[in-house]
Amino acid sequence: MKAIHKLFLSGSIFALCATPAFPGISISKPGNGAAVSSPFTLTARATSCSAQPVLVMGYSFDSNPSTRYSFGPSLNASVSAPAGGHTLHVKAWGWRGASCVADVSVNVQQNQNVVLAALTVPVWAVSVSNIQSLMDWSGTNDAASSGTSTGATSIVSSPSMFGNAREFDVNFTDSGDERFYDNFGDDATSTNFIYDGYVYLDSSSSQIGNLEFDLDQVMSNGQTVIFGVQCDGWNNTWDYTANLGTPTNWVVQWVHTPQPCNPRTWSTNTWHHIQIVYSRDDNGMVTYKLIALDGNAIPINATALSAFALGWGPALLTNFQIDGYGSSGSATVWLDGLNIYRW
């Protein structure tokens, strides 16, 4: 047994090639093709591996070589995995060095309880619905961009989720950015917000660098809080806005999160549901809590100063910005069902 233990620890046991499937491995949970929530239970047993008694079992995902191990011929584990389809490799090693594997496909579902809890709106919350249908939307080139842009916007019935989508058309040079905006109210005291809308892309999404979803609020002290979130196709991340300076001497910065995003990889000719949850304190410290894309929760859980002494009057303002990608081009994006909740 001592020699066998040394063989296992040396790694030579793992250098042997595993067979594509092995009938001696029995997987009780999950079933092949099962839809599961993370974490889920993995229960398996190996009666033998190439006619050898089983010394060790383990599992890994997809092409990731990282394997979790358990001594003995049975395996009972709580397994965590990101949402999406995966191949779960259940492995067994015999006491003479045989290596066996059985595969099972699983579809990991987003834990909707997490999403629903974050998106719970209290009954006393104020909401403004279908903000995209308001008639005073305007557009302008973002002066912070290196290039130029022009834009136009109008209400259309197709494509539309609810019959009154807003179409945004942008032409740009040198990756220019066009910012569309609308002032939809005035509330200096609310500290919790949910941004909730639908976005539709067509084949012109190949010319989009970033998609930006903003909410601006002027607080009682006259400072403006920028709740800025963007899907960053340059860095392939979800980003949020932060002020690295002070409200009077601000240094605005996009902070890249570990969460991946690129609008050029979103499926086209379909509606995507965007929900963003954030809050602030009286000093303009913003906590970016959660982004949900098509019902899948993307935790952010980051807090940063995002207050700026801009000298604005009372305002609640939303920006929808389309950043160009390339030396020149054009893109069209549609926005529908934009509701913003606050309390």
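The legends below describe close-up views of a predicted model.

**View 1. The salt bridge between Arg179 and Asp142.** In this view the side chains of Arg179 and Asp142 meet in a salt bridge, with an N to O distance of 3.7 Å, one of 3 salt bridges that the structure holds. Arg179 belongs to strand 13 (residues 177-185), while Asp142 sits in the loop between strand 10 (138-141) and strand 11 (148-156), so the contact ties together parts that are 37 residues apart in sequence. Arg179 is partly exposed at 25% relative accessibility, whereas Asp142, with a relative accessible area of 16%, is buried.

**View 2. The salt bridge between Asp187 and Arg342.** Here the closest N and O atoms of Asp187 and Arg342 are 2.6 Å apart. Asp187 lies in the loop between strand 13 and strand 14 (192-201) and Arg342 in strand 24 (residues 328-342), so this pair ties together parts that are 155 residues apart in sequence. Both Asp187 and Arg342 are buried.

**View 3. The salt bridge between Arg280 and Asp282.** The closest N and O atoms of Arg280 and Asp282 are 4.0 Å apart in this salt bridge. Arg280 counts as buried, because its relative accessibility is 8% and the cut-off for buried is under 20%, whereas Asp282 is exposed, with a relative accessible area of 60%.

**View 4. A nonpolar surface patch that includes Leu310.** Trp250, Val252, Leu310 and Trp312 together form a nonpolar patch on the surface, with about 370 Å² of accessible area between them. Leu310 is found in the loop between strand 22 (307-308) and strand 23 (316-324), and with a relative accessible area of 31% Leu310 is partly exposed.

Note on methods: Residues numbered from 1 in each chain as written. Predicted model: local features only at pLDDT ≥ 70, side-chain atom pairs only at ≥ 80, totals over all residues. Heavy atoms only, no water. Patch = residues over 30% accessible without salt bridge, like charges linked within 9 Å, V, L, I, M, F, W, Y side chains within 5 Å. Areas by Shrake-Rupley, 256 points an atom, 1.4 Å probe, with all protein chains shown as cover. Helix = DSSP H or I, 4+ residues; strand = E, 2+ residues; numbered from the N terminus. Buried < 20%, exposed > 50% of the residue type's maximum accessible area, 1.4 Å probe, protein only.
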